Amino acid sequence: MEIVFEDVDYIYQPNTPLEHVALQGLSFTIPSEFFTAIVGRTGSGKSTLLQQLNGLLQPTSGTVTVGDTRLPGAKSKPLKELRRRVGLVFQYPEHQLFEETVKQELLFGPKNFGLDLGQVEAKLPQVLQDVGLDESFLERSPFTLSGGQMKRVALASVLILDSEVLVLDEPTAGLDPVGKKQLLQLFRYLNEEKGKTVVLVTHNMEDAMANADQLVVLNDGCIDSVTSPKHLIEKRDQLEAIGLAAPESIKFVDYMQQTLGVNWNEDEATVDTVSQALIKRIKAGANK
Amino acid sequence: MTQSFILGQYIPRESFIHRLDPRTKIISLILFVITMFVIDRLLIYSLLYGFVLGCVLLSTIPVTYLIKGLKPVWWLVAFTFIFHVLFQRDGEALFDVFGFVIYDQGFIQGGEIASRLLLMIVMATLLTLTTPPLAVTDAMRWFLTPLTRLGLPVNELAIMMAISLRLIPTMTEEMDKIAKAQAARGLDYTQGRLRDRLKALLPLLIPLFISAFKRAEALAMAMEARGYQGADHRTSYRQIVFRTMDYIVVCLMTTATISIYLMIR
């Protein structure tokens, strides 16, 4: 599903003394089946933005078009349909758990949306496996799990809806490095093999750059730029200025230029291309 | 969802009312409520309305914000008024509507009681809108201090009150987050039969309670880790001070209350 933002403003508590402008004049497109990362520092409006994607918040002015639904203006029925088609996982989703067993927790969404429970139950083992758990968890109480496991269960409870769009707010915060890598691989798999549109909100530039097709850089509620990770290297100075750390690989390119005198001409700087360049240089007989 | 309701919120401003000592404001509020309950004349009610409006204007809080924020209260006030008009059986019968005989006393008493409710809520809201919650706690502690001799743990009560007040906005925020997370999983508690709606509250309340308990535990531990050992013999960083203006306001309020009382006797 394609998602189009047109001149979107969002204001919290408008016309009160506590009025707060969170988003201002956003216009951009999230193409269907793209992996889009939304990056920006804390308070730049990322979370407000992603809640526009399934109508939890609706623009104060401007429009958001998700597939064939236009916001603001959708009635409650199309809105619910929209929420089924756009799965949203909040930051710290473990705070939403409430059922007696993991199984019931996973079936909560499908029940609300009126899906065929027989079919959904058949998918349970697969979904659990996807998030790195196994079937033995089904009958356990979610409150006996560790923080990381709870997060995975909460994530699975949205994945089971099999939504066309998956919106993830800092899904890997607080996980160990291995768990983090697993989940990012899962999101990539869902995007590449299952054709899901994935929107990842993060302030980790490494994750964004390594996975996304498109980067939406937010600064103070405005769009700073919409770019591909490839072109990020050209903007590395600007990143620091808006409170984002440039990815390590890009920093390393700078280091190579300054200290080793390596000229960097490639348009991409990932861990792979950088190490390739280093290997090439060593093979060519560099002694530094 | 919870954004529009302003009961218990504080809005920082630089106004005459904001600068008053919290004790002054609480004493004034109590005097105001006493006055409201002893009077029975319309003329004095209009005086009280004027007083409340004056206070609101002095506080520089936009009137529209107050009106919008107290929306649920308007319904309560309107309901009270209509209830009295329909069911009051004193005084002269005026006319009847659909079998209900309407008496003139119905209007008068309905107006009185609705006004009391309205004025009291507006004044109490004004107190919290213009006073930081911690200042209210300090004032309460000051009022209760004489009771320490009777063995009342005033300091403990004050710190409990401070913590609860502090946690209200946090819990509201938490509630909002949970409600959104469940709505994203298709929960809808605004539609359907009453029974279904009540059932739909469980997915909101259970996580809220759990997080409240966890938060309380973490807070207790953090306090202990920083050497908290009961609230006795603690000094406070912010002192509340009674200024000249506070003496003037308290004197004026007391004089006004007594003279109104003498006038109607």
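**Note on the two-chain model**

1. Residues 24 or more positions apart make up 74% of the contacts in chain B with a separation of 6 or more. Note that the model is predicted. Of the 265 residues of chain B, 18% count as buried. The C-alpha atoms of this chain occupy a box of roughly 70 × 60 × 40 Å along the principal axes.

2. Chain B holds 11 helices and 2 strands. Read from the N terminus, its elements follow the order α-α-α-α-α-β-β-α-α-α-α-α-α.

3. Next, the domains of chain B. The domain assignment gives domain 1 as 2-132 + 241-264. Domain 2 covers 154-229 in that assignment. The centres of the two domains of chain B, taken over C-alpha atoms, are 31 Å apart.

4. One helix pair in chain B deserves a look. Helix α2 (residues 22-38) packs on helix α7 (residues 133-144) of chain B at an angle of about 70°. Their axes are 8 Å apart. An angle from 65 to 115 degrees counts as roughly perpendicular, so α2(B) and α7(B) are roughly perpendicular to each other.

5. Which residues of α2(B) and α7(B) make the contact? From α2(B) come B:P22, B:R23 and B:I26. From α7(B) come B:A135, B:V136, B:D138, B:A139 and B:W142. By class, the residues of this contact are 6 nonpolar, no polar and 2 charged.

6. Now chain A, with its open sheet. The sheet has 4 strands, in the order β2-β1-β4-β5 (chain A). The pairing is antiparallel.

7. Strand β1 (residues 3-12) and strand β4 (residues 61-66) of chain A pair in the antiparallel sense over 5 bridges.

8. Strand β7 (residues 165-169) of chain A is mostly covered, with 5 of its 5 residues buried. Both faces of β7(A) are covered. A:V165, A:V167 and A:D169 lie on one side, and A:L166 and A:L168 on the other. Note the charged residue A:D169 among these buried positions.

9. Which strands does β7(A) pair with? Strand β6 (residues 86-89) of chain A pairs with β7(A) in the parallel sense over 4 bridges. There, A:L88 has A:V167 as its bridge partner in β7(A). Strand β8 (residues 197-202) of chain A also pairs with β7(A) in the parallel sense, over 5 bridges. In β8(A), A:L200 is the bridge partner of A:L168. Both A:V167 and A:L168 are buried.

10. Finally, the interface. How many residues of chain A are in contact with chain B? There are 23 of them, and they touch 22 residues of chain B. On the chain A side, α2 (76-85), α3 (102-112) and α5 (147-159) each supply at least two residues. The largest share, 4 residues, comes from α2(A). By class, the chain A side has 10 nonpolar, 10 polar and 3 charged residues.

Definitions and conventions
Residues are numbered from 1 along each chain as its sequence is written. Chains are lettered from A and ligands numbered from 1 in the order in which they are written. This is a predicted model: local features need pLDDT of at least 70, side-chain atom pairs count only at pLDDT 80 or more; totals for chains, interfaces and linings use all residues. Two residues are in contact if their C-beta atoms, placed from the backbone, lie within 7 Å. Two strands pair if DSSP finds at least two bridges between them. Axes are lines fitted to C-alpha atoms, for helices over the stretch in contact, and angles run from 0 to 180 degrees between N-to-C directions. Angles under 35 degrees count as roughly parallel, over 145 as roughly antiparallel, 65 to 115 as roughly perpendicular and the rest as oblique. Domain bounds come from an automatic or database domain assignment. A residue is buried if 20 or more other C-beta atoms lie within 10 Å of its own, exposed if 12 or fewer, and partly exposed in between; C-beta atoms are placed from the backbone.
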